[in-house]
Amino acid sequence: MNRKTYALAILALAVAAITIAGCGGGSGGGYSGSSSESSKASSNENASSESSSGYGNRYGSGNQNKNASSEAAGGQAGGGAESGGAVVSLGSVQKLGMVLVDSNGMTLYDFHKDKGTASSCYGPCAGIWPPLLSEGDPQAGNGASAAKLGTTERKDGTTQVTYAGHPLYTYVADKKPGEANGNDFSDFGGEWYALLGSGEEPED
């Protein structure tokens, strides 16, 4: 082999080596790029999961607030109102005889501070002396006079039962039928009394 041929062979080998090295570098660079994209995709998936989790938490809180609101609404909706019309009857109370009672047998009272059929008992007063509410026309039972029954609209739009022109209330300190712990009692700026079937207050 002459020198010229030998030199060309060496040059060819060198070019081949550089080409192979260049291909290897390109391959390695491509792989590196794939790793980066894979890592980025993984990060995005994690971010999506965290975002979904966060949304789930917020959604859960919303449900809790909604449930709390529903419960609140349910409590207010009760408000002592009797669907289909409240029933007012006469029931026996120790020392007072037969007085007005609601459908549960709890004593009913009038409030001297009321002006005619307009109630003066709101806020904390209505919490202690719940007004007798009705969602329909009140009904007379067991000795009560249907002619004396009526209704009046309260400031909150609910309908309160009246008897002989007196708005009617129960008393939270009465725990069972036959009790009249609120009779001849002064509270919230006025006197409270049970009522007889005639619409009058019992004698002291």
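## Overall composition

What percentage of the 204 residues of the protein count as buried? The share is 28%, where buried means under 20% relative accessible area, exposed means over 50%, and partly exposed lies in between (1.4 Å probe, protein chains only). This is a predicted model, in which local features need pLDDT of at least 70 and side-chain atom pairs count only at pLDDT 80 or more, while totals for chains, interfaces and linings use all residues. Residues are numbered from 1 along each chain as its sequence is written, and side-chain values use heavy atoms, with hydrogens and water left out.

The protein has 2 helices and 11 strands, taken as DSSP runs numbered from the N terminus (helices H or I, at least four residues; strands E, at least two). From the N terminus on, the order of elements is α-β-β-β-β-α-β-β-β-β-β-β-β. Among contacts (heavy atoms within 4.5 Å) with a separation of 6 or more, 65% are between residues 24 or more positions apart. The accessible surface comes to about 12,400 Å², and carbon and sulfur atoms contribute 53% of that area; the areas come from the Shrake-Rupley method with a 1.4 Å probe, and for residues only the protein chains shown count as cover.

## Confidence

The mean pLDDT (the predictor's confidence in each residue, from 0 to 100) is 74, and 59% of the residues reach 70 or more. Over residues 2–7 the pLDDT is below 50, and this stretch has 1 contact in the model beyond near neighbours in sequence. Residues 23–79 also have pLDDT below 50, with 2 contacts beyond near neighbours in sequence. Where pLDDT is low, the predicted coordinates should not be read in detail.

## Aromatic pairs and cluster

The structure holds 9 aromatic pairs. Rings of Phe, Tyr and Trp (its six-membered ring) pair if their centres lie within 6.5 Å; planes under 30 degrees apart count as stacked, over 60 as edge-to-face and the rest as tilted. The pair of Tyr109 and Tyr171 is edge-to-face because the ring centres are 6.3 Å apart and the planes stand at 80 degrees. Tyr109 lies in strand S4 (residues 109–111) and Tyr171 in the loop between S9 and S10, so the pair ties together parts 62 residues apart in sequence. Tyr109 is buried at 0% relative accessible area, and Tyr171 is buried at 11%.

Phe111 and Trp192 form a stacked pair, at 3.9 Å centre to centre and 10 degrees between the planes. This pair links strand S4, which holds Phe111, with strand S11 (residues 190–194), which holds Trp192, across 81 residues. Phe111 has a relative accessible area of 4% and is therefore buried; Trp192, at 0%, is likewise buried. One aromatic cluster is formed by Tyr109, Phe111, Trp129, Tyr169, Tyr171, Phe185 and Trp192.

## Pro130 and Val172

Pro130 lies in the loop between helix H2 (124–128) and strand S5 (133–134) and is partly exposed at 24% relative accessibility. Leaving aside neighbours within four places in sequence, Pro130 is in contact with Tyr169, Thr170, Tyr171 and Val172.

Val172 is placed in the loop between strand S9 (166–167) and strand S10 (185–187) and is partly exposed, with a relative accessible area of 35%.
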